[in-house]
Amino acid sequence: MISAPSRYARPVVLPGVDGRLRQPARPATAVVIGGGLAGLAAAVVLAERGVRVTVLEREQFLGGRAGAWTDRLKDGTAFDMERGFHAFFRQYYNLRQLLKRVDPELGFLKPTDDYPILTPTGNESFAGLTHAPLFNVAKLTWRTDTLGIRDLMKVNVPAALAMLRFDFRQSYADFDEVTAGAYLDSLNFPPVARQRLLHVFAHSCFNPQADMSAADLLQMLHFYFTANYDGLVFDVADRPFSRGIFVPLGALLGRLGADVRMGVSARALERREGNRWVVETDGEALAADLVVLATEVPGVKAIIGASRGLDDPDWRRQVDSLRVTNAFAVWRLWLDRPVARGRAGFAGTAGVGPLDNISVYESLEDESRAWAARTGGSVVELHAYALPAGFNEAALKHQLLEGLHTLYPETVGATLIEERFLLRQDCPAFAPGSHAMRPEVRTPYRGLSLAGDFVQLPFPSALMERAASAGMLAANTLLGDLNVAPEPLWSVAVRGPLAKRP
């Protein structure tokens, strides 16, 4: 019997992925398109079961939206730049199982002792909570200064209880057509309480409240809080993701006999007789028995749109319905002085314009820690999610800096030694009414599966965990057709603590 990654983890049991063989009865080949978390998870699961895997990654580094690439400061110092801080929550069971392949003790992850939410009018903390979500709800309500007795009497209790009654079928039927903003409005929370306690969840998947499904918001609240017995305090990587995760995973795939090709873009697929596939790249055509399409939404749509033989009309409408959400910004600053002692390595923010969080990198990873020790400065990163269309970059930077100065006033006089500003728009939209149209991992075509944080999963998940879970499920789906034993998958409870049992 396989041991659970946590005493609170629930095994995921899905039909059609219960094969018994250790590897395919005959040699099998696979092409995994995309070297992000979803693609790497799929590739590892397939390669461990004897499938000959080729991974195609268009960039010169692995990791996709969580990847890191080498850059240099003006003084010649090399560093790894990333698209922003990522938290490793303890209920990221499937991602952690993947990472244990290259670091069995997860030694590169270090625990934090708090998850603070900073605002100009006061702060909240998710520290000191127990492993009982219902008790945590009561404890947070009791200790926050944003919800008094009179405020609680005005709260829309039936709407609030929807957080504790999450159920895939019923919650999406009731709330998918509703915007996250309208649902939050319906709670009748005082503005300050809503800002401190709920804002971070509403923005953490990059979608604006006015264009996000309330059902997807409820799923996130369920996954991170009301069904999470492992707690809201998370772990952080003590080194850049390239060294901690993606270079080791690439090396692992090499040892498993996989061929990882960097700087190679897939252009189209062709389905041939005998359930065989051809993947057309910039320079060649690769034949394979299995294909995992694990790029971001624009890449998936472009490849399928250029492919031949993928003409199922319902499935094509599902793929065509996918879109990306608003852009987000990452601004990393090298300052000539340190932030105040005791600042959290990562803090969510609210009430300071577009600023969504602040990371102090020398408190997180070794590379920035060495720079700060050598110069006496600080490496600070600011994030802004769900940016409105037509925003002005200079105005955005000014607002972000104002937010930093408000919450960390010791930075007001700091000199900016160096900076990196990234603007990206490739995260999936979870728009109202979109859930039923979202494609699943399984496609109508034998030997082809989708993977990524855009797919519809039958169990709760989000962000990096959603990507890794989708990749493993995509591999399991293909292996199930070959009667090969699947990779065990884990989740928090599928239903909320007050949901009706079937």
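**Note on strands, rings and cavities in a predicted model**

1. Val55 in β3 is the bridge partner of Val32. The two strands concerned, β2 (residues 29-33) and β3 (residues 52-57), pair in the parallel sense over 5 bridges. Strands here are DSSP runs of E with at least two residues, helices are runs of H or I with at least four residues, and both are numbered from the N terminus. Two strands pair if DSSP finds at least two bridges between them. Strand β3 is mostly covered, with 5 of its 6 residues buried; buried means under 20% relative accessible area, exposed over 50%, and partly exposed in between, with a 1.4 Å probe and protein chains only.

2. On the source: this is a predicted model in which local features need pLDDT of at least 70 and side-chain atom pairs count only at pLDDT 80 or more, while totals for chains, interfaces and linings use all residues. Residues are numbered from 1 along each chain as its sequence is written, and side-chain values use heavy atoms, with hydrogens and water left out.

3. Ala268 has Glu280 in β12 as its bridge partner. The hairpin of β11 and β12 has 3 residues between the strands, and Gly274 in this hairpin takes a positive phi near 75°.

4. How many aromatic pairs are there? The count comes to 24, where rings of Phe, Tyr and Trp (its six-membered ring) pair if their centres lie within 6.5 Å, and planes under 30 degrees apart count as stacked, over 60 as edge-to-face and the rest as tilted. One of them is the edge-to-face pair of Phe79 and Trp334, at 5.1 Å centre to centre with 70° between the planes. Phe79 lies in strand β5 (residues 78-82) and Trp334 in strand β15 (residues 328-335), so this pair ties together parts that are 255 residues apart in sequence. Phe79 counts as buried because its relative accessibility is 5%. Trp334 is also buried, at 3% relative accessibility.

5. Tyr92 and Phe223 form a stacked pair, 6.1 Å centre to centre and with 15° between the planes. The pair links distant parts of the chain, 131 residues apart: Tyr92 is in the loop between β5 and α2 (93-99), and Phe223 is in helix α10 (residues 214-226). With 2% relative accessibility, Tyr92 counts as buried; Phe223 does so at 1%. Both residues belong to one aromatic cluster, formed by Phe85, Phe89, Tyr92, Tyr115, Phe223, Tyr224, Phe234 and Phe346.

6. The charged end of Arg332 sits over the ring of Tyr361, 4.1 Å from its centre. Likewise, the charged end of Lys397 sits over the ring of Phe421, 4.9 Å from its centre. The rule asks that NZ of Lys or CZ of Arg be within 6 Å of the ring centre and within 35 degrees of the ring normal.

7. The whole structure was searched for cavities, and 3 of 30 Å³ or more were found. A cavity is a set of points on a 1 Å grid over the protein atoms alone where a 1.4 Å probe fits but cannot get out, and lining residues have an atom within 4 Å of a point. Grid points are joined across faces, edges and corners, and a volume is the space filled by probe spheres set on the points. The largest cavity has a volume of about 90 Å³. Its lining includes Phe85, His86, Arg239, Tyr361 and Glu365. By class this lining has 7 nonpolar, 2 polar and 3 charged residues; Ala, Val, Leu, Ile, Met, Phe, Trp, Tyr, Cys and Pro count as nonpolar, Asp, Glu, Lys and Arg as charged, and the others, Gly among them, as polar.

8. The second largest cavity has a volume of about 50 Å³. Among its lining residues are Phe168, Tyr172, Asp216, Gln219 and Arg466. Helices α6 (168-175) and α10 each supply at least two residues of this lining, which divides into 4 nonpolar, 4 polar and 3 charged residues.

9. Asn188 has a positive phi near 60° although it is not a glycine; Asn188 is placed in the loop between α7 (180-186) and α8 (191-197) and counts as partly exposed at 43% relative accessibility. For Asn483, phi is near 60°, again positive in a residue other than glycine. Asn483 is in the loop between α16 (463-481) and β21 (490-491), and its relative accessibility of 39% makes Asn483 partly exposed.

Terms used: On a 1 Å grid over the protein atoms alone, a cavity is a set of points where a 1.4 Å probe fits but cannot get out, and a pocket is an open set with protein on both sides within 12 Å along at least five of seven lines; lining residues have an atom within 4 Å of a point.
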